[in-house]
Amino acid sequence: MTAAQIRSRYLIMLALRWLPVGLLIPVLVLLPLERGLTVAQIGSAVAVQGIVVLLLELPTGGLADAIGRRPVLLIAGVVNLAGLTLLAVHESALMLGAAYLLQGVYRALDSGPLESWFVDQALAVDPDADIESGLSRGEVACSLAISGAALASGGLVWLGALDLGPLGRVSALTVPVLLALALSLLSTISVALLMAEDRPARGKAAFMVSLRGAPVAIGSALSLARRSRVVQALVGVEFLWSFGMVTFEKLMPVRLSEVTSAAGPLLGPVNSVAWGASAAGAALAPLLVRRVGAHWAGFTMRIAQGLTIVGMGLFAGPIGVIGAFLLCYAVHGAANPVHSGLLHRQAEGPYRASLLSLNSMVAAPGFSIGAVVLTAVAVQSSTSTAIVIGAVVLALAAPLYLVKSTTVFREPSQSGIS
């Protein structure tokens, strides 16, 4: 494949992967409530997903490095279809918990292999390929897919509520879940058709040999983290970044409700525009990287995002809070490909997905600790104080981007690992 073909296939698969997410965002809480579950039961189900992701993130990354990216993504697709089916038909807390358990397995399996495949293929064609630009385009595709699908989800719910849609007898909140299920099936088919992967050794015996290579991949990623100051710094950024994300993912609706009584109707359109702003930021990221370099770009964006979050916490009116929120998402979208590019530059060969999983694994506890600490501060002091604290913690990650090291992860391919 040419570089253009690799990039096109990556963007198609990425957009199809995130379209269902955009459809689900507006109804994930409302649908269980409609079916009689409590907020506490929904929270417990979501916690199941987080625990599963934390436990499986690194092992599934090792599995992708050992048996190949394509097989793991196909397995993930099947698990996702099962989870979405349960989500569509659940009638009890137990069924909802099972749906989120399967979603946790899916998220762990899905985290890293597609991006790793793209970077591996791009570098195979051109060892000096500008992977940051490709990752930025991927972030644009992801953000636009979520933004458009979230708007479509709202329209489907509206049509369903008026009995105007083709599924008029189905609950209006169920319609986006059914469409997400159909698009997830299409996403899995696209992986089967578009993801070309060179795995010379095939068959049951080769699979078992490769499977035994998973612990090797995990150990190699952990070894790199111990030896490389850059990897340690990037993982530290991910933890502090995730802690600070609580401000704009969980506390922003509370803050908006404090400055306007129209927060409810505003949140849907505002979130959709925010994902559009994220796409714009991602599109501009390569320009900043070419001008100041990836390390200084990361540093600058962590400071800038911290300032936008401070604005969310301190501005007195809805225009100021919403404006700061949109700027925050624009910087967030730009920062993602820069961070990923720096991480990819530290890994070569068959252990790339394991390193990505190691980076992702710290995000779950970072976000969880941030949620506990910042919501407690919001209750005891004020939402503004909690948001400013989260902004400071997020900005503290900036100097970590400037850590330098000559350590680069070049491990020879282990026997039997494809």
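Student: Is the crossing in which H11 passes H13 left-handed or right-handed?
Tutor: Helices are DSSP runs (H or I, at least four residues), numbered from the N terminus. A crossing is left-handed if the near helix is turned anticlockwise from the far one by less than a right angle, and right-handed if clockwise. The crossing of H11 past H13 is left-handed.

Student: What is the mean pLDDT of the protein?
Tutor: This is a predicted model, with residues numbered from 1 along each chain as its sequence is written. Local features need pLDDT of at least 70, side-chain atom pairs need 80 or more, totals for chains, interfaces and linings use all residues, and side-chain values use heavy atoms, without hydrogens or water. pLDDT is the predictor's confidence in each residue, from 0 to 100. Here 85% of the residues reach 70 or more, and the mean is 82.

Student: How does H11 lie relative to H13: roughly parallel or roughly antiparallel?
Tutor: Axes are lines fitted to C-alpha atoms, for helices over the stretch in contact, and angles run from 0 to 180 degrees between N-to-C directions. H11 (residues 229-259) and H13 (residues 294-314) pack at about 25°, with axes 11 Å apart. Angles under 35 degrees count as roughly parallel, over 145 as roughly antiparallel, 65 to 115 as roughly perpendicular, the rest as oblique. So H11 and H13 are roughly parallel.

Student: How does H1 lie relative to H6?
Tutor: H1 (residues 3-24) and H6 pack at about 175°, with their axes 9 Å apart. Therefore H1 is, relative to H6, roughly antiparallel.

Student: How many nonpolar residues does the contact of H1 with H6 have?
Tutor: Ala, Val, Leu, Ile, Met, Phe, Trp, Tyr, Cys and Pro count as nonpolar, Asp, Glu, Lys and Arg as charged, and the others, Gly among them, as polar. In H1, residues including Ile6, Tyr10 and Met13 meet residues of H6 that include Trp117 and Phe118. The contact has 1 polar and 3 charged residues, and its nonpolar count is 10.

Student: Which residue forms an aromatic pair with Trp275?
Tutor: Rings of Phe, Tyr and Trp (its six-membered ring) pair if their centres lie within 6.5 Å; planes under 30 degrees apart count as stacked, over 60 as edge-to-face, the rest as tilted. The search of the whole structure finds 5 aromatic pairs. The Trp275 pair is edge-to-face, at 5.4 Å and 65°. Its partner is Tyr329.

Conventions. Helices (H or I, at least four residues) and strands (E, at least two) are DSSP runs, numbered from the N terminus. Contact means heavy atoms within 4.5 Å.
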